[in-house]
Amino acid sequence: MIDNGLLVQMLIGALLGLSVYLPLAAGQLSLATPAFYAVGGTLAALLSTRWSALGATAAGTLPLGSLVLELLLGGLLAGLLALLVGRLVLRLQGIYLAIATIALVEILRVAILNLPFTGGAVGIFGIPQPFATAAGYVLPALALLALAGWWCQRLEGMPLGRAMAAIRDDELAARCMGIDTTNVKLSAFVLSAVLAGSTGALAAHFLNTWNARQGSFDVSITTLAFVVLGGSRSWLGPVVGGLLLTALPELLRPVGDVRLVLFGLVILLGPVLAPQGLITPALLARLGRWGEEKER
Amino acid sequence: MSKPLLEVRELSRRFGGLLAVDRVSFAVQPGEIFGLIGPNGAGKTTLFNLISGTTAPSGGAVLWQGTPITGQAPDRLNRLGLARTFQNLRLFEGLSVLENLLVALQRHPRSSALDGLLGTARHRRAERQRLDTAWQLLQELGLAALAERRAGTLAYGDRRRLEMARALATRPQLLLLDEPAAGLNPAEKDQLGELISALRQRHQLSVLIIEHHVPLLMRLCDRLAVLDFGVRIALGSPEQVRRDPKVIEAYLGSGSNAGGRAP
């Protein structure tokens, strides 16, 4: 039922869910993930189609090393953009930050649509493929997700991660405890952007074409739904949410556009039925105890 | 006298038409417990917010060991050595008691994000030190048995002590306590006085304390300032302040309005 192509899409969904989760873990509702995803994707599409040094062939293949380089560059460029933009928009709080980040997504979407070298509405196509089949993308997507998950897990036992949790609970108290909240929020925002940028670079190759629609407001809402459904108290929440919500509409493909209604319903019903999302701290604690008992 | 640790000079704050703090001056000497009392609405908490950087003053200056620090951000002031608690308790309620302290200990010692990510020996050593200090503070304030509990689930008196522990974890030279006895029962209030004295000794602290429970302050403080309608109406030892006619008038009201406001 789930083929390799859908599996890669699900993993990309999980990665984007994590990208929304990171600022949220510091109490910042940023919807900018699609903007950074678009930056990474556009950069990878441009580089691999135009820069011959990357080694793209006429047959449409690409060396694996070039893909890794693009993942790094995509993350780097998105991170730099986040550093610049973050200084401005992170002064805003709550819903105002969300609106400002939606504006960023729109600005980038319109820019990519109209820039002379990004292919307009059609976009960039014939992006070289480092792997012959969709199955080849499973491993790099999985590796990227594992790396991101590992980093999120480590964060919880680090000053930066604790500072993020403190800001989420009470920003003023965090400041009064000597935490440079501006820097911590910016760090979370940049990490989120790097992750989205690298994910975009991978997605551009996987999808084979890239255009402005990849990073739109719809994606903001979709990726937010990943976190709402999965839960925002643990990094596992957005991963589960991303996997499930990407798979669901594909499996329901026969019903067509109703999938957008479905996302709306999840955002509407999710907080009502499971206010903390599917993955809650209580659930993780229960799983932990269960695991310990099995080991005995 | 040695150079004051904290000096407040002609500090004012206006909220629209209300002058909440009106040219208040005083100084806290190193090692001193300095009390701030006054009837409700006298401007005590506003003055605290001005000193700790959470509200910008409209005029005047705050000096830290002789250097102006007026209007600096609260995180910078904390790093200088000034930590506060909140009248309405602002714990990190979703975190455990231990984590609340670890947040405050994040600069003692410092370790970089890269060390943390790679789990280097330096990071592990720093984490061990933080944990040691956190446990010491928990034991000192009688919170060790509650270490794993979520801060939001604690009883009121425990929350008050956790706030003090959290402030102490940032290694302040000056501890600002905003009504630490509020909501405590009489037995807890008695213990609080002893606790604050003990903490001053062990951590070489100066303490600036706002409190409504006047008997506690009379016992505890080296000196007191009295605020009324934003103006400092008295300053001196507890004995001097107790006898000051202006203080008696502010608390008990003058003849025509006797008993208007109780201490």
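In what order do the four strands of the open sheet in chain B stand? The order is β2-β1-β4-β5 (chain B), and the pairing is antiparallel; strands (E, at least two residues) and helices (H or I, at least four) are DSSP runs numbered from the N terminus, and two strands pair if DSSP finds at least two bridges between them. The edge strands are β2 (18-28) and β5 (67-68) of chain B, each of which pairs on one side only. Within this sheet, β1 (residues 6-15) and β4 (residues 59-64) of chain B are joined in the antiparallel sense over five bridges, and Ser12(B) stands opposite Gly59(B) in β4(B).

Before going further, note that this is a predicted model, in which local features need pLDDT of at least 70 and side-chain atom pairs count only at pLDDT 80 or more, while totals for chains, interfaces and linings use all residues. Residues are numbered from 1 along each chain as its sequence is written, and chains are lettered from A and ligands numbered from 1 in the order in which they are written.

A second open sheet of chain B has six strands in the order β6-β7-β8-β3-β9-β10, with mixed pairing. Because β6 (82-84) and β10 (231-236) of chain B stand at the edges with a single partner strand each, one side of each is left without a neighbour in the sheet. Strand β3 (residues 33-37) of chain B runs parallel to β9 (residues 223-228) of chain B, with four bridges between them, and Phe34(B) stands opposite Arg223(B) in β9(B).

Turn now to helix α5 (residues 121-140) of chain B. Its buried residues (20 or more other C-beta atoms, placed from the backbone, within 10 Å of their own; exposed means 12 or fewer) include His123(B), Glu127(B), Arg130(B) and Leu137(B). An α-helix has 3.6 residues a turn, so residues three or four places apart point the same way. The face turned away from the buried side carries the exposed residues Ala121(B), Arg128(B) and Asp132(B).

Finally, the contact between the chains (C-beta atoms, placed from the backbone, within 7 Å) takes 26 residues from chain B and 20 residues from chain A. On the side of chain B, the elements that give two or more residues are α2 (74-80), α3 and α4.

Methods
Contact = placed C-beta atoms within 7 Å.
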